[in-house]
Amino acid sequence: MARPPQIVAFGGGGFSMESGNPLLDDYVLAVTGVERPRVCFVPTASGDADHYVVRFYRAFAPGRCDPSHLSLFRRDRGGGGLGADPAEHLLAQDLIYVGGGSVVSLLGTWRAHGLHEVLAEAWRRGVVLCGLSAGSLCWFAEAVTAFHGPPRRIDGLGLLPYSNCVHYDGDPARRDEYRHFVTGGMRGGFAADDAAALHFVGTDLHRVVASRPGPRGWRVGVHAGELVEEPLDALDLAAPAVALAAA
Amino acid sequence: MPRTIVAMGGGGFTMEPDTPALDDFVLTLAERREPRILFLPTASGDPREQIARFHATFDDRPCEPSVLSVFRLTDLRRPLREIVLSQDIVYVGGGSMRNLLALWRLHQLDAMLVEAWARGIVLAGLSAGAMCWFEGGVTTSFGPPEPTTGLGLLPGSLSVHADGEPARRPVFLRAVADGTLPAGYLVNDGVGLVFRDTALRQAVSSRPQARALRVERVDGGVVETPVLPQYLPCAAREHRPTPFDILEFRRAHLGASRRE
């Protein structure tokens with residue numbers, strides 16, 4: 001059965017940011033539709049930080065998935081215990097989880113290893129792609145990064161033909177700059193608060209989910225020369241009804 | 001100002017933290033008595049552990065150490081170029097040469113380092129951080145060793161860890177023999193080659209038996225000529241730690257500029 005391309009873009013959250021709240025991570029595992037999904041963590045944006053990899057394995061224990069990670073800085077030592085060909089490994093996954101950090105360094109390193117093409121192929125084949133922060137921005141055509149000082153525009157992989165902004169509630173300077181960029185000609189797009197995630201099926205927004213009540217997604221665009229910021233209510237994954245439905 | 005590059009086949013604080021001979025030697029190459037030394041751990045993804053080792057080695061030596069992480073540029077208070085060009089020494093760590101060069105290009109650090117070199121700032125490094133200055137080298141960035149291209153500040157090629165990672169050696173010799181790589185040097189762990197402008201001026205070593213080879217292509221094969229490094233005496237081990245009050249003074253006085 002052909003699986004549709006899917007991306008779950010976190011504004012922030014998951015094991016990297018919400019210690020003790022696994023709901024967004026549980027959600028992406030469930031999206032794969034596989035009982036024990038193969039999950040590969042890609043920590044490139046952090047420079048493959050050891051402590052980050054350790055935290056991934058703690059959160060994605062082998063009991064509920066088949067976890068692995070890909071290191072692009074240590075390929076001479078097996079690159080995280082994978083075979084010689086990361087493409088083959090990535091294409092065999094159910095979920096590719098991209099960690100946070102520097103999106104500029106992330107994209108530059110991916111290009112140096114040809115990974116941008118592999119990830120696009122994985123997406124087309126129905127491997128679920130997800131991530132937070134830099135791991136969200138990277139999937140979009142354009143994005144705002146504030147990782148290198150003042151917020152600035154960057155081009156992402158362009159799998160989703162929109163712009164993206166993360167940590168929308170947590171970083172007012174970034175939010176203002178994103179509005180400013182969109183008003184000034186950057187393509188319209190989607191933003192997400194911390195703990196909220198935008199779930200795309202194909203290139204359409206399917207739903208917004210959140211790991212607690214409150215956080216939302218935002219559709220941001222320009223209409224008749226005016227900036228329009230439309231709040232998108234999130235499905236609260238912490239609500240009892242949702243927990244029951246999942247069980 | 002002479003242009004200076006120190007290319008280490010391996011060694012220094014990241015590989016032999018108990019043998020500071022090469023690192024102390026690098027400090028002597030700067031003209032300033034307490035040189036400003038900037039560490040670039042880019043090729044390893046700026047790991048905390050390497051940064052901690054750099055500080056453990058250089059914080060109590062007569063120098064002003066600082067670290068530049070391209071994964072954490074958000075902490076910068078000055079433009080990147082200004083930081084690089086205000087140094088006396090730039091020390092580049094090992095790791096993935098492929099990632100190193102890609103990340104430098106992304107942040108225009110490659111051009112800044114060429115400018116630094118032209119201004120007489122000493123460029124030092126080991127492994128990927130040594131090969132990057134040459135026209136080419138042998139990298140394991142993709143797993144198995146293979147020839148790759150560097151920045152080309154120095155003519156010729158360099159292959160590192162000749163003793164520690166012997167799988168590189170045949171790949172290097174074959175690449176020089178068939179012309180994939182220009183003539184160059186095959187260097188053991190613990191050996192540093194010092195280039196003034198583009199000529200080899202001196203070879204030094206932290207290990208008594210460490211060797212380097214000059215490898216040239218002749219009639220489709222290679223000719224190997226040994227380069228005997230000067231063994232650096234272990235006087236470095238008798239290094240006296242900087243007194244605590246001086247350290248405290250430096251922290252208070254230089255704190256702001258060091259936190260870059």
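**Note on a predicted two-chain model**

1. In this predicted model, helix H4 of chain B is followed by Gln108(B), a residue with a positive phi, near 60°. The buried residues are Met97(B), Asn99(B), Leu100(B), Leu101(B), Ala102(B), Leu103(B) and Trp104(B).

2. Helix H5 of chain B (residues 109-118) contains Asp110(B). Is Asp110(B) buried or exposed? Its relative accessible area is 18%, and the cut-off for buried is under 20%, so Asp110(B) counts as buried. Leaving aside residues up to four places away in sequence, Asp110(B) touches Trp104(B), Arg105(B) and Leu151(B).

3. Helix H1 of chain B (residues 21-28) is mostly covered, with 7 of its 8 residues buried. The buried set includes Asp23(B) and Asp24(B) as well as Leu22(B), Phe25(B) and Val26(B).

4. Phe54(B) belongs to helix H2 of chain B, residues 48-58. Phe54(B) is buried, with a relative accessible area of 0%. Which residues does Phe54(B) touch, not counting those up to four places away in sequence? They are Phe13(B), Ile37(B), Phe39(B), Asp59(B), Pro65(B), Ser66(B) and Val67(B). Tyr91(B) is 37 residues from Phe54(B) along the chain, and their C-alpha atoms are separated by 9.9 Å.

5. Chain B has an open sheet of 8 strands with mixed pairing, in the order E3-E2-E4-E5-E1-E10-E11-E14. Strands E3 (64-67) and E14 (230-231) stand at the edges; each has a single partner strand, so one side of each is left without a neighbour in the sheet. Within the sheet, strand E2 (residues 36-40) and strand E4 (residues 89-92) of chain B run parallel and are joined by 4 bridges. In one of these bridges, Leu40(B) has Val92(B) as its partner.

6. Over all chains, the structure has 26 salt bridges. One of them pairs the side chains of Asp26(A) and Arg64(A), at 2.4 Å from N to O. Asp26(A) lies in helix H1 of chain A and Arg64(A) in the loop between helix H2 and strand E3 of chain A, so the pair ties together parts that are 38 residues apart in sequence. Asp26(A) is partly exposed at 26% relative accessible area, and Arg64(A) is partly exposed at 30%.

7. In chain B, Arg3(B) forms a salt bridge with Asp197(B), with the closest N and O atoms 3.0 Å apart. The two residues are 194 residues apart: Arg3(B) is in the segment before strand E1, and Asp197(B) is in the loop between strands E10 and E11 of chain B. A further salt bridge joins the side chains of Arg169(B) and Glu224(B), at 3.3 Å from N to O. Arg169(B) is in helix H7 and Glu224(B) in strand E13 of chain B, 55 residues apart.

8. Between the chains, 21 residues of chain A are in contact with 21 residues of chain B. The two chains bury about 1,700 Å² between them, 55% of it on carbon and sulfur atoms. How many salt bridges are counted between chain A and chain B? The count is 0, while 5 residue pairs are in polar contact, both residues at pLDDT 80 or more. Helix H4 of chain A (residues 103-112) gives the most to the side of chain A that touches chain B, with 5 residues. By class, that side has 7 nonpolar, 11 polar and 3 charged residues.

Key. Residues are numbered from 1 along each chain as its sequence is written. Chains are lettered from A and ligands numbered from 1 in the order in which they are written. This is a predicted model: local features need pLDDT of at least 70, side-chain atom pairs count only at pLDDT 80 or more; totals for chains, interfaces and linings use all residues. Side-chain values use heavy atoms; hydrogens and water are left out. Contact means heavy atoms within 4.5 Å. Buried area is the accessible area (1.4 Å probe) that two parts lose on being put together, summed over both. A salt bridge is a side-chain nitrogen of Lys or Arg within 4 Å of a carboxyl oxygen of Asp or Glu. A polar contact is a pair of N or O atoms within 3.5 Å; within protein, one must be able to donate a hydrogen and the other to accept it, and residues adjacent in sequence count only if both atoms are side-chain atoms. Ala, Val, Leu, Ile, Met, Phe, Trp, Tyr, Cys and Pro count as nonpolar, Asp, Glu, Lys and Arg as charged, and the others, Gly among them, as polar. Two strands pair if DSSP finds at least two bridges between them. Buried means under 20% relative accessible area, exposed over 50%, partly exposed in between (1.4 Å probe, protein chains only).
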